Amino acid sequence: MNLAYRRWQYWLPRPLFSLFLALLWLLMVNEFSAAHALLGLALGVAIPFVTHGFWPEEAKIKRPLPLVRYLLVLLVDILRSNLVVALRILRPARYLKPGFFSYPLALDDDFAITILASTISLTPGTVSIHYDAEANTLLVHALHLENEAGMVADIRERYEKPLEEIFR
């Protein structure tokens with residue numbers, strides 16, 4: 001049994017990622033056919049197989065339910081931020097107050113920090129610029145920064161605390 005599992009894991013090192021790639025392929029071609037499904041599955045198997053030597057160890061998600069909540073919060077924040085950024089862009093530029101701030105991290109897991117930095121960048125109006133490993137901070141640029149302490153508190157409550165719960 002152990003040998004069969006290792007063989008299966010060798011040929012399909014990231015089964016969920018393979019499925020994601022196959023579905024992504026079908027969404028990108030915007031047409032469902034047997035040929036596209038087979039090509040998507042072939043890519044879904046081939047890409048992780050060829051690149052698995054470059055991947056770090058798998059993320060250890062301890063609690064999947066908080067992950068679902070996290071993704072829902074992120075989706076709502078992305079939609080809300082899109083509207084806010086669109087309204088800010090339509091107004092005269094003098095109403096924008098772009099700025100940088102340093103976000104002190106409580107996370108120590110590299111994968112969780114990467115997820116947080118990606119989350120900040122996915123949310124319209126903010127971009128994570130640099131991770132300082134020595135100071136354990138992220139440099140973030142905001143399109144409109146009125147209250148740095150409020151922005152830090154929002155990121156901490158909405159994103160970092162749930163990530164701590166998911167990966168601890």
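Modeller: What follows describes the sheet, the helices against it and the core they share. The model is a predicted one. The sheet is open and has three strands, in the order S1-S3-S2, with antiparallel pairing. S1 and strand S2 (126-132) are at the edges; each has a single partner strand, so one side of each lacks a neighbour in the sheet. From one strand to the next the twist averages 25 degrees. Six bridges join S1 and S3 in the antiparallel sense, and Ser102 stands opposite Leu139 in S3.

Two helices come next. H5 lies across S1, S2 and S3 and runs at about 150 degrees to S2. H6 also packs on the sheet, where S1, S2 and S3 are touched by this helix, and its direction makes about 50 degrees with that of S1.

The largest nonpolar core has 22 residues. Phe101, Tyr103, Leu116, Leu138, Ile155 and Leu163 have the most contacts inside this core. At least two of its residues come from each of helix H4 (64-90), strand S1 (99-104), helix H5 (110-122), strand S3 (137-142) and helix H6 (148-167). H6 gives the most, with seven residues.

Leaving aside residues up to four places away in sequence, Tyr103 touches Leu116, Asn136, Thr137, Leu138, Val140, Val152, Ile155, Arg156 and Glu160. Of these, Leu116, Leu138 and Ile155 are among the residues with the most contacts inside the core, as is Tyr103 itself.

Terms used: Residues are numbered from 1 along each chain as its sequence is written. This is a predicted model: local features need pLDDT of at least 70, side-chain atom pairs count only at pLDDT 80 or more; totals for chains, interfaces and linings use all residues. Side-chain values use heavy atoms; hydrogens and water are left out. A nonpolar core is a set of buried Ala, Val, Leu, Ile, Met, Phe, Trp, Tyr and Cys residues joined through side-chain atoms within 4.5 Å. Buried means under 20% relative accessible area, exposed over 50%, partly exposed in between (1.4 Å probe, protein chains only). Helices (H or I, at least four residues) and strands (E, at least two) are DSSP runs, numbered from the N terminus. Contact means heavy atoms within 4.5 Å. Two strands pair if DSSP finds at least two bridges between them. Axes are lines fitted to C-alpha atoms, for helices over the stretch in contact, and angles run from 0 to 180 degrees between N-to-C directions.
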